[in-house]
Amino acid sequence: LNQAYQTLKDTEAQLIRSSRLAAIGQLAAGVAHEVNNPAASALLNLEVLEQEVHALAEEAADAEERDCPEVLFDSVRRVTREAEEAVRDSSEALRRIASVVKGLRGFVQITDSEVRRVSVDEAIEAALRLVQSQVRQRATVHCTLGSSRELVADRGKLIQVFINLLLNAAQA
């Protein structure tokens, strides 16, 4: 009976590991997509900024040769507006990347059996960030958070529960 019980426990642990690997596989595609889009946006904005600064340098040299400070000031104002917009967009894209990576870091902690007080809302938000790309292709999520409720739980496992619920609901 003890040997059968141990075999059952080993099989259960193996199933849990397999489930986690499957979830990580599904998330990998979504995370790659979620990280790639803002990174590409930031790179494009920085390329625009580089081109604008180069154009400004050329216009400044031309204006100096022609002794036309008005043209130079107009160019500086235009490039400044473009630069501010490119920097603002790039910063937002990089914040999105950081958010996705933070959510993934929380999910990776599943192997750490660390029980502590966990905000339910924060765990739901982390799970939503991680599955957002897979879920939005199949369903619309309406989420109203605002609970100050905390549980004594393993944060990673709680996030995994919410991920599984969200993915199952989207697939259904």
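Which residues touch the most other members of the largest nonpolar core? In this predicted model, they are V131, I159, F162 and I163, out of 20 residues in that core. Helix α3 gives the largest share, 9 residues.

Now look at V131. Leaving aside residues up to four places away in sequence, V131 touches L27, I163, L166 and L167.

Next come the charged residues. Side chains of opposite charge can pair when their charged atoms come close. The structure holds 3 salt bridges.

Start with K9 and E12. Their closest N and O atoms are 3.5 Å apart. Both residues sit in helix α1, 3 residues apart, so about one helical turn separates them. K9 is partly exposed, at 36% relative accessibility. E12 is partly exposed too, at 41%.

Move on to E150 and R117. This salt bridge has its closest N and O atoms 3.1 Å apart. It links distant parts of the chain: E150 lies in strand β2 (residues 150-154) and R117 in strand β1 (residues 115-119), 33 residues apart. E150 has a relative accessible area of 39%, so E150 counts as partly exposed. R117 reaches 55%, so R117 counts as exposed.

Finish with E122 and R155. Their side chains meet in a salt bridge at 2.6 Å, N to O. This pair also links distant parts of the chain, with E122 in helix α3 and R155 in helix α4, 33 residues apart. E122 is partly exposed, with a relative accessible area of 24%. Is R155 buried or exposed? R155 has 11% relative accessibility, so R155 counts as buried.

Terms used: Residues are numbered from 1 along each chain as its sequence is written. This is a predicted model: local features need pLDDT of at least 70, side-chain atom pairs count only at pLDDT 80 or more; totals for chains, interfaces and linings use all residues. Side-chain values use heavy atoms; hydrogens and water are left out. A nonpolar core is a set of buried Ala, Val, Leu, Ile, Met, Phe, Trp, Tyr and Cys residues joined through side-chain atoms within 4.5 Å. Buried means under 20% relative accessible area, exposed over 50%, partly exposed in between (1.4 Å probe, protein chains only). Helices (H or I, at least four residues) and strands (E, at least two) are DSSP runs, numbered from the N terminus. Contact means heavy atoms within 4.5 Å. A salt bridge is a side-chain nitrogen of Lys or Arg within 4 Å of a carboxyl oxygen of Asp or Glu.
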